[in-house]
Amino acid sequence: MEEVFEYSGKELQLFRYAVNWKKYFSKKIKNYISGDVLEVGAGMGENINYLMNPKVRSWTCLEPDKKLSDQIILQEGIKKLNGTLADIDDLNKYDCIIYIDVLEHIENDSQEIKKASHLLKENGHLIILTPAYNFLMSHFDKEIGHYRRYNKSSLNEVIKAGNLKNEKIFYLESAGIFLLLINKFITRKKYPSLTDIKIWDRWIIPVSKITDRLTGYQFGKTIVGIWKKQ
């Protein structure tokens with residue numbers, strides 16, 4: 001019988017309220033999103049509302065958890081597939097492939113990137129947003145199935161499997177690091193509450209926008225990378 005994948009995390013319902021955060025990171029990557037887009041690990045499709053733009057021709061949401069993919073609202077130009085990258089036919093090619101808080105959940109990340117590179121069109125972009133720094137690994141990371149967190153060096157090392165050219169790599173959410181450290185060593189919560197998310201989104205994200213600029217985007221709890229296939 002075919003194995004049914006069910007995502008172990010429960011945080012997606014909470015983070016849908018992180019509107020300021022989603023708007024913030026979206027502005028940093030939106031200009032690279034165009035043509036035929038594949039979003040890997042699309043969850044409930046929340047990112048579409050922030051990343052969709054007039055340059056996009058089609059948007060495919062790829063999600064292995066059927067309960068999550070069933071919640072994706074289909075609109076013109078948007079379709080969904082229940083599965084993983086291994087289920088995508090090699091004949092399909094995309095102008096942009098996106099991983100938003102997904103790569104850290106994939107055990108063999110190098111093999112994943114190799115496949116993603118194969119599915120990219122020439123001059124297409126691979127965009128990855130993922131948690132930064134292994135020293136920040138916490139009960140929360142383990143609870144929702146993170147294998148690792150990344151820094152610039154480790155993320156670029158994984159991308160070597162795809163033979164892609166780095167366009168940009170930077171950190172976001174510098175102020176949020178202190179919240180993670182407090183939780184890791186003091187509060188030790190496995191999951192944030194809705195109140196925690198709303199406070200972080202309303203008060204900490206605006207602070208991070210300032211501190212990120214002051215630190216030159218060289219420090220933060222999230223790392224973002226953009227690569228191009230040539």
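**Reading the model**

Modeller: Asn123 is found in strand β5 (residues 120-131); strands (E, at least two residues) and helices (H or I, at least four) are DSSP runs, numbered from the N terminus. This is a predicted model, where local features need pLDDT of at least 70 and side-chain atom pairs count only at pLDDT 80 or more, while totals for chains, interfaces and linings use all residues. Residues are numbered from 1 along each chain as its sequence is written, and side-chain values use heavy atoms, leaving out hydrogens and water.

Biologist: What is the phi of Asn123?

Modeller: Phi of Asn123 is near 70°, a positive value in a residue other than glycine.

Biologist: Is Asn123 buried, partly exposed or exposed?

Modeller: Buried means under 20% relative accessible area, exposed over 50%, and partly exposed in between (1.4 Å probe, protein chains only). Asn123 has 48%, so it is partly exposed.

Biologist: Where is Asn163?

Modeller: Asn163 sits in the loop between α7 (152-159) and β6 (165-172). Its phi is also positive, about 55°, although Asn163 is not a glycine. Asn163 counts as exposed because its relative accessibility is 69%.

Biologist: Which residues form the positive surface patch?

Modeller: In general, patch residues have over 30% relative accessible area and no salt bridge, and like charges are joined within 9 Å. A salt bridge is a side-chain nitrogen of Lys or Arg within 4 Å of a carboxyl oxygen of Asp or Glu. Here the patch consists of Lys23, Lys27, Lys209 and Arg213.

Biologist: Which helices supply them?

Modeller: α2 (19-29) and α9 (194-214) each supply at least two. Arg213 lies in α9 and, at 53% relative accessibility, counts as exposed.

Key
Patches are made of residues with over 30% relative accessible area and no salt bridge: like charges are joined within 9 Å, nonpolar side chains (Val, Leu, Ile, Met, Phe, Trp, Tyr) within 5 Å. Accessible areas come from the Shrake-Rupley method with a 1.4 Å probe; for residues, only the protein chains shown count as cover. Lys and Arg count as positive and Asp and Glu as negative; His and the chain ends are not counted. The place of a charge is taken as NZ of Lys, CZ of Arg, CG of Asp or CD of Glu.
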